[in-house]
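This briefing sets out the fold, the surface and the aromatic pairs of one protein model. Please read it alongside the sequence and the structure shown here.

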Amino acid sequence: MLVQLNSEEGVQVVGIHLTEFSESVLLVTLGILIVSLFRIMFAKVPQKLKIMPESGVVILLGCIFGGIILGIGWEDNELITFNPEIFFLILIPPVIFESGYHLNGFAFFTNIRLILLYALLGTLIN
């Protein structure tokens, strides 16, 4: 109900009841919105920042957002805690794909021996 008459507290125009789950969804949505807005603003800057690359700006925003979460005291929430499965299966593959897609082919084939050496040694050690 949008308007509720209550003689003790007056007139309640809008009532929003937040549960722990809805607070978490609101926080995650707000974080994604803030990072997206900064990403759009970074893309609109005519000259790119030479101090820090775009990925560094997003990492810095994530650190700031994590500090806000720690300051508020929501770090024990189930939706906000770190989940390694989601990180390795959902978040890392697009980063690796984007890096490979924008890789300079000449630099890759110039260093192919060293890349294969590291790949072989890493495979043997594991």
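The points below are grouped by topic, after a short note on the model.

The model is predicted: local features require pLDDT of at least 70, side-chain atom pairs are counted only at pLDDT 80 or more, and totals for chains, interfaces and linings use all residues. Residues are numbered from 1 along each chain as its sequence is written, and side-chain values use heavy atoms, with hydrogens and water left out.

**Overall fold**
- The protein has five helices and two strands, where helices (H or I, at least four residues) and strands (E, at least two) are DSSP runs numbered from the N terminus.
- The order of these elements from the N terminus is β-β-α-α-α-α-α.
- Among contacts (heavy atoms within 4.5 Å) with a separation of 6 or more, 32% join residues 24 or more positions apart.

**Burial and surface**
- Buried residues make up 7% of the 126 residues of the protein; buried means under 20% relative accessible area, exposed over 50%, and partly exposed in between (1.4 Å probe, protein chains only).
- The protein exposes about 11,200 Å², of which carbon and sulfur atoms supply 70%; areas come from the Shrake-Rupley method with a 1.4 Å probe, and for residues only the protein chains shown count as cover.
- Leu30, Leu33, Ile34, Leu37, Phe38, Ile40 and Met41 make a nonpolar surface patch of about 630 Å².

- Helix α2 (residues 54-72) has 19 residues and reaches 27 Å from its first C-alpha to its last, close to the expected 27 Å; the expected span is 1.5 Å times one less than the number of residues.
- Gly56, Val57, Leu61 and Ile69 are the buried residues of α2.
- Gly73 follows α2 and has a positive phi, near 100°.
- The number of buried residues in α5 is zero, and the helix is hardly covered.

**Aromatic pairs**
- The structure holds three aromatic pairs, defined by ring centres within 6.5 Å for Phe, Tyr and Trp (its six-membered ring), with planes under 30 degrees apart stacked, over 60 edge-to-face and the rest tilted.
- Phe97 and Tyr101 form a stacked pair, 6.1 Å centre to centre with 25° between the planes.
- Both Phe97 and Tyr101 lie in helix α3 (residues 84-101), four residues apart, about one turn of the helix, and both are exposed.
- The rings of Phe108 and Phe109 have centres 5.1 Å apart and planes at 80°, so this pair is edge-to-face.
- Phe108 is partly exposed at 27% relative accessibility, whereas Phe109 is exposed at 61%.

How values were computed. Patch = residues over 30% accessible without salt bridge, like charges linked within 9 Å, V, L, I, M, F, W, Y side chains within 5 Å. Salt bridge = Lys/Arg side-chain N within 4 Å of Asp/Glu carboxyl O.
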